[in-house]
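Keep the structure in view as you read.

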Amino acid sequence: MGGFEGHLYPGLSLFFYGLYHARLVSRALICNYPVQYLPSYPWSKERWARLKQVCYVGLVKILSAFILAAQELHNIKGQFVLISKIYHQRNFLYRKQWQHFTLYMAFFLSGCVDVVSQNLLPQRCAALEQGAQALGMFLFLPLMVSHMQDSEGVELQSHVLLTQAILLLALVVVAELWAPDMLQLWVMKAFFYMLTGSWLIQIGFMLYKPISGYKWMDDDENDIIFVTTFFCWHVAFIAMLMIWVYGFSVVWYCYIC
């Protein structure tokens, strides 16, 4: 996730995935559904009706993983290898890029599990999907901690806050394995997915394309303090966005549908 695009595209993917979960939560609350993952129905024999019954979330995950990996490869200059042997020495190359590819592989596997569970199995296995999702979060967390080792100043502070959001998201996803029907966990999962995505986008703007046109200074204490302030604003914004999604869902499911 190096460069502006490396923060923008993963951030958008996580944000819209969280927005999707916010819609699921709102629908479950309004329509009084007992579970977040609705049971699948028998396949229709009609061609176009069968296409409408396909669950596309897993396919979108797989497509997103391929796009992110392609973007990462596009930014690499030279041959993308793991080890370089020069003068009988072993040197690991592209350490951050390999971290990114490991993360994208976790998203890809989660998408594959979703496709199999939602479209191929006779009965949808929500626990399998949640387990793959939890595995991806536990890969995301140590990779992000390692990612901060050579950071300082504004970059370090922004990534510490990002790691905090990822840690809370990982805890929520793991707790969901034991309490899959708890509404509070659904709300928190949607919230932290959107917060992680929006803050990742914000990091891209702060480090590579500051909106003000002035570079953030690592030796300026005010800049470092305002990083935390902006993070708090993101928390408030995501909370208001979830309220808006719920309000819109009330109008949609109670008065329009």
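In helix α5, residues including Ala127, Gln130, Met137, Phe138, Leu141 and Val145 meet residues of α6, among them His159, Leu162, Ile166, Leu167, Val173 and Leu177. Contact here means heavy atoms within 4.5 Å. The model is predicted: local features need pLDDT of at least 70, side-chain atom pairs count only at pLDDT 80 or more, and totals for chains, interfaces and linings use all residues. Residues are numbered from 1 along each chain as its sequence is written, and side-chain values use heavy atoms, with hydrogens and water left out.

**Helices α5 and α6**
- The contact of α5 with α6 divides into 16 nonpolar, 6 polar and 1 charged residues. Ala, Val, Leu, Ile, Met, Phe, Trp, Tyr, Cys and Pro count as nonpolar, Asp, Glu, Lys and Arg as charged, and the others, Gly among them, as polar.
- Helix α5 spans residues 126-147 and helix α6 spans residues 153-178; they pack at about 155°, with axes 9 Å apart. Axes are lines fitted to C-alpha atoms, for helices over the stretch in contact, and angles run from 0 to 180 degrees between N-to-C directions.
- Helices are DSSP runs (H or I, at least four residues), numbered from the N terminus.
- α5 and α6 are therefore roughly antiparallel (an angle over 145 degrees).
- Their crossing is left-handed: the near helix is turned anticlockwise from the far one by less than a right angle.

**Helices α3 and α4**
- The axes of α3 and α4 come within 7 Å and cross at roughly 160°.
- α3 and α4 are therefore roughly antiparallel to each other.
- α3 passes α4 in a left-handed crossing.
- Val57, Ile62, Phe66 and Leu73 are among the α3 residues in this contact, and Phe101, Tyr104, Phe108 and Val115 are among those of α4.
- The contact of α3 with α4 has 14 nonpolar, 6 polar and 3 charged residues.

**The second largest pocket**
- This pocket has a volume of about 360 Å³. A pocket is an open set of points on a 1 Å grid over the protein atoms alone, where a 1.4 Å probe fits, with protein on both sides within 12 Å along at least five of seven lines. Volume is the space filled by probe spheres set on the points.
- Its lining has 21 residues; Ser13, Tyr17, Val60, Lys61 and Ser64 lie nearest its centre. Lining residues have an atom within 4 Å of a point.
- α1, α3, α4 and α5 each supply at least two lining residues.
- The lining has 15 nonpolar, 5 polar and 1 charged residues.

Key:
Parallel < 35°, antiparallel > 145°, perpendicular 65-115°, else oblique.
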